[in-house]
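Please look over the structure shown here.

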Amino acid sequence: MSSEQDSPSYWVIGPYQSGLPGPIRFCLELDGELVVRCKVQTGFLHRGLEKACELHAWDSVIPYVDHVDPEAAIFPELAYCLCVEELTQSPAPARAQAGRILLCELSRISAHIANMARLADIVELRTIYHFLLRDREKILDLFELITGARFSLRFLRPGGLAFDVTDGFIERVLDTCDLIQARLKEYNDLFTFNHSLLKRTSFVGVLPQALAQAAGVTGPCARASGLAFDVRRSHPYSGYDAVDVTVPVGTGEFGALGDCHDRVLTRLREISASIDIIKEVSARVPGGPFRIGDGGKIESISSGEAYCRVESPRGLLGCYLASTGKDRPARIQFCPPSFTLLEVFLKMVGGNYLSDVLIILNSLDLCVSEVDR
Amino acid sequence: MGTEQLWSQFFWLPNGTSYWFVLLIYLVCVYVFVIFPSYLFFSYLDRKLGADLQARVGPNRTGPIGFLQPLADVIKLLQKEGSSGAWPTNLVLLLIGGGALFTTVGLLPLGSLSPFVQVDTAVLLPLIAALVGAFSLVLAGFFGDTANQMIGGARFCAQSLSALLPAITTLLAVGIYVGGFRWSAFIEVQQGALFGWSIFSTPFHPLGFLVFTASGAMLFGSAPMDGWAVSPDLRGGILSVVSGRSLGLFRFFRFYGLWLWSLITVVVFLGAWKLPFGIREILAAESLFKTLLISELLIILMKTFSMMLIMSWISHVIPRLRVDQVTDTAWKILTPLALTTLIGITLWKGVQHW
C-alpha cells in the first residue's frame, strides 16, 4: 500500500519565498518527498494592467505595458508599438528597427542570464550567481546609457524610438558582447557542465514534445523539447527578415529531451545566437530618421484592430489592440507565454522530488507579472 | 614530570594544586584561547575566501581589514532574543548539542602534552559526540511544530545515518593498522615530514582519508549537503525557527562539530601536531615546554583550518545535492570504498606480520 493513502501531507510554497519568480502560491500534496499533485493560486500581483492601459492616451500606455514583463520590458513595448503601427499603417524607419533589434537581443541576453542566476541561487551556487549578475550589470549599464533606465526602459514609441542612439553606443554594445562571449566558457565550466548540476537538472522536469505542442508552449522551453519554432524566423517582424536567426534546439545530450538541463543549455545557446544577431545588425545600422514624425502626441487612431506577436525571452508574446477612433485604446490584451508555462508546470511537477519543484519552475522561466497582469 | 605538573607549571599555579582545579583551568583556557578564537578566525577566513571566489569584497569595515567582523556578529546575535515559539527546538539543540560539545573538550588532541584526559577509545569519543550532535539536530527537527522542521529533520536523519557506516568503518580500519584507538597510537606511527604522515602508510589510507572526510561532511550536513536547512523549498528547514542568540550558539556548535571532525582527520591521517626536522626533540632538550606546546598547537590548528577551507572551497563551486543523492552516494559509493579500505588495510597489516 502506498504511503500516499495512509497520510498525504500538504506543503505550501509561496506566495513570498526565495526561489520563486514572483508572488505566487503553490499548494503541493506530498507522498514523503515526492509531489503527488500541485495546485496554484495566482492574483498576488494583479494590477488591472490592461484596463489601466485603456485609460491612457496612445503614447502614455508605454510605461504601463513595460510592467507586463518588467525583466524584459522591451518586448511588450515592441508588441504594443507594432500593433499601433499596424493600425496607423506607418511602420518604423529602418534605423529604428535596427535599434529595436539591438535592444531586444540585449534584453533577451539579460533575461536569460537572470534566469540562470536564479537557478544558481536555488541550488546555492553563489559563486556563479555573483558572476552572472556581474555580467548582467554590463547590459543594464548599456540600457542606462541609451534610455536612462535600467529596467522599465520606456524607450520605444509608436513609429520608432524615443531618442536616437548616442555616439559610441554601438561600440560599447560590441565590447559587452565580446565580454559575454568570453564569459560563456566560464559559465560552462562552473555551471552548465558541472557534474553536480547535471545530477540536479538532467532527467528532471521533462517537458515532452507532445505536451509542449498540445499546450501551445513556445520559446526556449518548446525549443528545448525539440520544437524549432521561433517567431523571429517563422513570422519575422521589425526587420528580423533581413537577419540570420539561429534557432538552437534541445537534443537531450545529457539527459532526456526537454529536461531542465536542456532548457538551461538552450538558453545559453540563445545567448550566443543573440550575440551573433547583435554583431550582424551593428555592422549595418542604417542612417536616416529614428522615428516617424516629431514624436508628438498621437491624437487619435482610426477604428480597427490589430494583433502582433514578438519572440520574448519566454516565448511568443502576442498583443491585441482595438481602436474606436478615440485618443486612447479601446481594448488592449496580451497573450503572454508564461500563462501556458504555468499550465504545463502543474502537469509536469507530479512525481518529482520536493527539492526539484523550484528548479523545474525556474527552468520554465515563468514570469508572474505576465500571468497576473 | 607528569602531564598534570607540566600544565600546573604552564598556568603558573603553585605546586600541589589539586588535579580538578588544573583541569578546570585547562578546559577554560581551551575554550577561551583555542576554540572561540578559532571560530572567529575561521569565520573570517571562510567569508573572505567566499567573497574572493564570488568577485566580492567581503567583510572590510570592522577592525583592520574587517578582521573583527565575526566578533561583532557574535556580540550582535547574543543581544537578540530568539522567537518565542522555538523553545523546544532551542532546548534540544542547546542541551544535547551543547552537551556533546562539553564532553569532548578534555579529550581534544592539541599537542603532545594534551589531552589532559587519556582514554583507550579517545578517537571514537569525539565521533560519538559528533553523532550526539547530529542526533540533536534530528530531534530538533522532529520536536518542531512546523512541517518544514519535520521534513528537515527527516532529511537530516536519513543523511547522517547513511554517513555513519563509512565513517566508523574507516576509523576501524586505521585503528587496526596502528593497533589501538588512543591518540598516542596514531601519533607514534607518524613523522613530521610529509611522507611520514599516516595517509601515505599504505595504498588504502588515501582512500580512507577521502571517505572519512566526505562522510564527516555528510554527517554534519555541511554545504553542499545541507538539504535539511535550505531556504528555497523548506524555508529554512530545521533552522526555520532558530534565531537571535540561539542562532549564534547554534552556529558556534556547528563550527565546533566540523572543526572537531577536521581535527580528528588531521590527527589520524595528516601527521597530527608532529613538528618536522626534529624540532620537538631540540625544544624538549632545552626544556622549552611552553614554546613546544604553542608550536604544536599552531601546527595542528593550521592543518585543521586548511582542511576546513578546502571543504569550504569545494562547497562554493558545487550546487546543493538532493538528500536522496547524498544518501545514494553514502550507501553506494562511500560504504563500499570504506569496506575496501578496511579489508585492504587489514590484509596489508596481516602480510606485514606474516
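## A hairpin in chain A

In this predicted model, strand β6 (residues 304-312) of chain A runs antiparallel to strand β7 (residues 315-323) of chain A. Nine bridges join the two strands. The link between β6(A) and β7(A) is a hairpin of two residues. Across the pair, A:Tyr307 stands opposite A:Tyr320 in β7(A).

## The three-stranded sheet

Chain A also holds an open sheet of three strands, in the order β1-β2-β3, with antiparallel pairing.

Strand β2 (residues 25-31) of chain A pairs with β3(A) in the antiparallel sense, over seven bridges. A:Arg25 has A:Gln41 of β3(A) as its bridge partner. Helix α13 (residues 337-348) of chain A packs on this sheet and touches β2 and β3 of chain A. The direction of α13 makes about 150 degrees with that of β3(A).

## A buried loop residue

A:Val61 sits in the loop between α2 (49-54) and α3 (62-65) of chain A. Is this residue buried or exposed? A:Val61 counts as buried because its relative accessibility is 0%, and the cut-off for buried is under 20%.

Leaving aside residues up to four places away in sequence, A:Val61 touches A:Cys53, A:His56, A:Tyr80, A:Pro329 and A:Ile332. A:Pro248 is 187 residues from A:Val61 in sequence. In space the two are 34 Å apart, C-alpha to C-alpha.

## The largest pocket

The largest pocket holds about 1,500 Å³ of space. Its lining has 41 residues, and the closest to the centre are B:Asp46, B:Ala223, B:Asp226, B:Arg251 and B:Arg254. By class, the lining divides into 19 nonpolar, 12 polar and 10 charged residues.

Both chains contribute helices to this lining: α6 (126-147) of chain A, and α2 (19-53), α3 (69-79), α9 (244-269) and α11 (289-317) of chain B each supply at least two residues. Which element gives the most? It is α9(B), with seven residues.

## The second largest pocket

The second largest pocket has a volume of about 830 Å³. Among its 31 lining residues, B:Leu210, B:Thr213, B:Ala214, B:Met311 and B:Ile314 are the closest to its centre. Two or more residues come from each of α8 (195-201) of chain A and α8 (205-220), α11 and α12 (323-352) of chain B.

Here α8(B) gives the most, with eight residues. The lining has 21 nonpolar, eight polar and two charged residues.

## Cavities

How many cavities of 30 Å³ or more does a search of the whole structure find? It finds four. The largest cavity has a volume of about 240 Å³. Of its 19 lining residues, B:Gly97, B:Gly133, B:Phe220, B:Phe253 and B:Gly257 are the closest to the centre. Helices α4 (87-104), α5 (124-143) and α9 of chain B each supply at least two lining residues. The classes are 13 nonpolar, five polar and one charged.

The second largest cavity holds about 100 Å³ of space. Its lining has 14 residues, and the closest to its centre are A:Arg200, A:Ser355, B:Val230, B:Asp233 and B:Arg320. That lining divides into seven nonpolar, two polar and five charged residues.

Notes. Residues are numbered from 1 along each chain as its sequence is written. Chains are lettered from A and ligands numbered from 1 in the order in which they are written. This is a predicted model: local features need pLDDT of at least 70, side-chain atom pairs count only at pLDDT 80 or more; totals for chains, interfaces and linings use all residues. Side-chain values use heavy atoms; hydrogens and water are left out. Two strands pair if DSSP finds at least two bridges between them. Helices (H or I, at least four residues) and strands (E, at least two) are DSSP runs, numbered from the N terminus. Contact means heavy atoms within 4.5 Å. Axes are lines fitted to C-alpha atoms, for helices over the stretch in contact, and angles run from 0 to 180 degrees between N-to-C directions. On a 1 Å grid over the protein atoms alone, a cavity is a set of points where a 1.4 Å probe fits but cannot get out, and a pocket is an open set with protein on both sides within 12 Å along at least five of seven lines; lining residues have an atom within 4 Å of a point. Grid points are joined across faces, edges and corners, and a volume is the space filled by probe spheres set on the points. Ala, Val, Leu, Ile, Met, Phe, Trp, Tyr, Cys and Pro count as nonpolar, Asp, Glu, Lys and Arg as charged, and the others, Gly among them, as polar. Buried means under 20% relative accessible area, exposed over 50%, partly exposed in between (1.4 Å probe, protein chains only).
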